[in-house]
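Dear colleague,

Please find the structure below, together with its sequence. My notes on it follow, and I would be grateful if you could read them with the coordinates open.

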Amino acid sequence: MPPGAPWKMATLTLDRVSPATLADQIARHIEFAIAEGSLQSGGRLPSWRDLAGQLGVARGTVRAAYEKLIDRGLLIAAGAAGTRVAEHLPPTIVPPSSGGESLLPQDFHFRSTQALVFQMGVPAHDAFPATLWARLHRQAVQSTSLQTGYGDPRGLPELRSAVASHVAIARGIECSPEQIIVTTGFRGGLGIALRAIGATGRQAWVEDPGYPVTRYALELAGVHPVPVPVDGDGMIVARGRELAPRAALAVVTPGQQAPSGVALAEHRRQELLQWAESCGGWIVEDDYLAELHLAGRSPNALASGGGVERVIHVGTFSKTIAPMVGVGFLVAPLPLARRLIDVATWLGGPPNAALQLALSAFLSEGHYLRHLRRMRRLYGQRRQCLLDTLTRLGIETAVPAALSVMLPLPDDFDDRRLALEACAVDLGPAPLSPWFAADSPPRSGLLLAVANVRERNIEQDCRRLLTLISIPKGVSKEQV
Ligand SMILES: Cc1ncc(COP(=O)(O)O)c(C=O)c1O
């Protein structure tokens with residue numbers, strides 16, 4: 001960009017049905033551009049009038065967005081010279097230095113702003129109960145601001161009670177609130193479980209294909225992941241027994257396998273529980289989708305039914321509410337409860353009390369069950385709409401996979417590159433190959449999450465995606 005030339009908002013699209021105001025969306029986009037370095041210190045922004053014209057909004061909306069950022073010290077109003085990015089940015093927004101490497105892991109993709117179409121791991125942006133959540137959170141902040149102590153290291157008693165009642169009804173788990181530990185989502189729960197088991201230096205079965213984050217987390221904790229293949233009935237337990245009979249634990253997604261969406265068949269459940277009983281192994285049940293099951297009732301949790309002593313059930317509100325909430329929980333099996341609570345107490349600590357209180361009101365006032373019912377309906381419609389659209393466009397190989405649609409590609413296709421190209425045009429599909437362990441032949445494909453598919457745009461979005469998929473010679477469109 002030549003010096004002094006105003007920066008262009010080429011990639012900004014506004015969502016007019018979003019609960020976020022247009023001014024907030026513009027402000028967040030500018031903040032993101034500053035943080036990622038495409039808008040640099042001293043860079044000039046377009047005038048209110050120009051930007052308002054470009055975006056089709058009132059001038060006052062752009063002005064409000066600029067003023068928010070001026071108040072936060074990110075922009076400076078320079079009179080006739082227009083509005084510029086501040087020379088000295090607050091520490092929270094320091095842009096990456098030129099040529100410097102980001103310290104974040106390469107595979108961690110985050111966008112605190114609006115989700116992209118097909119982006120995995122985020123709920124429907126237009127259906128988040130933002131007003132209700134803001135009210136509950138505000139009330140919770142007010143009532144917890146008078147509390148100055150540490151509180152129970154397992155989490156607020158009201159939230160633990162609400163979670164225990166919820167998992168009893170919705171997941172068939174018989175437990176007391178004493179066994180609930182509030183965590184910072186699945187990753188927080190897994191960290192506590194690995195330490196409590198004493199898994200460092202030992203082996204852990206993981207699903208192949210399976211959630212890459214689980215593999216990374218195990219490796220980081222000094223645990224050796226052993227990829228166990230998955231078929232239409234879920235993890236092939238007999239293969240796990242052959243590969244690593246004395247593994248310390250198995251991490252599984254029995255409700256809806258990630259990414260295929262298949263449920264662990266009853267005979268496999270029994271085999272897995274028997275393996276754990278017979279060798280003193282532990283099963284970490286990653287119940288990331290909980291009741292978000294789009295066809296019929298979700299199968300009960302592996303930890304359901306009472307008397308299940310080898311399963312550490314880990315729940316999260318990342319999928320059912322939003323990852324930004326950053327809260328999950330763990331149901332401690334009785335033989336390991338004391339140890340899990342020790343780890344949570346001395347090496348952890350629950351999330352922010354106001355968040356926990358807001359969440360407990362969300363659950364106990366019945367909003368959570370209503371929200372889940374709505375989301376199941378909405379995601380079911382969106383998934384069907386996406387499948388119908390792909391079929392209409394001649395793609396017959398796409399298959400439903402939990403809250404996504406899996407689009408297989410020829411195996412020599414570079415799906416990571418394709419996903420990056422899609423991201424550059426504001427589409428967020430995830431590549432399939434990273435879900436395979438390094439030593440198994442990866443399958444190429446794209447995972448298209450359905451949460452943020454909008455019926456009115458879907459055909460256009462699918463067409464845009466399909467134009468990026470140039471089929472190599474010798475592969476017919478039907479194979480894609
Ligand atoms: C298989 C699986 N487990 C767990 C999670 C949620 O993790 P967290 O609660 O740490 O956000 C996800 C989110 O994408 C997932 O795909």
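Thr320 lies in the loop that connects strand S9 (311–316) with strand S10 (328–331); helices (H or I, at least four residues) and strands (E, at least two) are DSSP runs, numbered from the N terminus. This is a predicted model, in which local features need pLDDT of at least 70, side-chain atom pairs count only at pLDDT 80 or more, and totals for chains, interfaces and linings use all residues. Residues are numbered from 1 along each chain as its sequence is written, and side-chain values use heavy atoms, with hydrogens and water left out.

Thr320 counts as buried because its relative accessibility is 2%; buried means under 20% relative accessible area, exposed over 50%, and partly exposed in between (1.4 Å probe, protein chains only). Its side chain forms a polar contact of 2.8 Å with the side chain of Tyr368. A polar contact is a pair of N or O atoms within 3.5 Å; within protein, one must be able to donate a hydrogen and the other to accept it, and residues adjacent in sequence count only if both atoms are side-chain atoms.

The ligand is surrounded by Gly185, Phe186, Arg187, Tyr211, Ala258, Asp286, Tyr288, Thr316, Ser318 and Lys319, a residue being near if one of its heavy atoms lies within 4 Å. Helix H6 (residues 185–197) supplies the largest share of this shell, 3 residues. Oxygen atoms of the ligand lie 2.7 Å from a backbone N or O atom of Phe186 and 2.8 Å from a polar side-chain atom of Lys319. A nitrogen atom of the ligand is 2.6 Å from a side-chain N or O atom of Asp286. The protein buries 92% of the 400 Å² that the ligand exposes when taken alone (Shrake-Rupley method, 1.4 Å probe).

Leu190 also belongs to helix H6 and, at 2% relative accessibility, is buried. Its C-alpha atom is separated by 9.8 Å from that of His313, 123 residues away along the chain.

The largest nonpolar core has 96 residues, of which Phe118, Trp205, Leu272, Tyr379 and Leu386 touch the most other members. Such a core is a set of buried Ala, Val, Leu, Ile, Met, Phe, Trp, Tyr and Cys residues joined through side-chain atoms within 4.5 Å. Helix H12 (residues 367–392) gives this core its largest share, 9 residues. Domain 2 (153–365) and domain 3 (369–479) each contribute at least three residues to this core; the domain bounds come from an automatic or database domain assignment.

Yours sincerely
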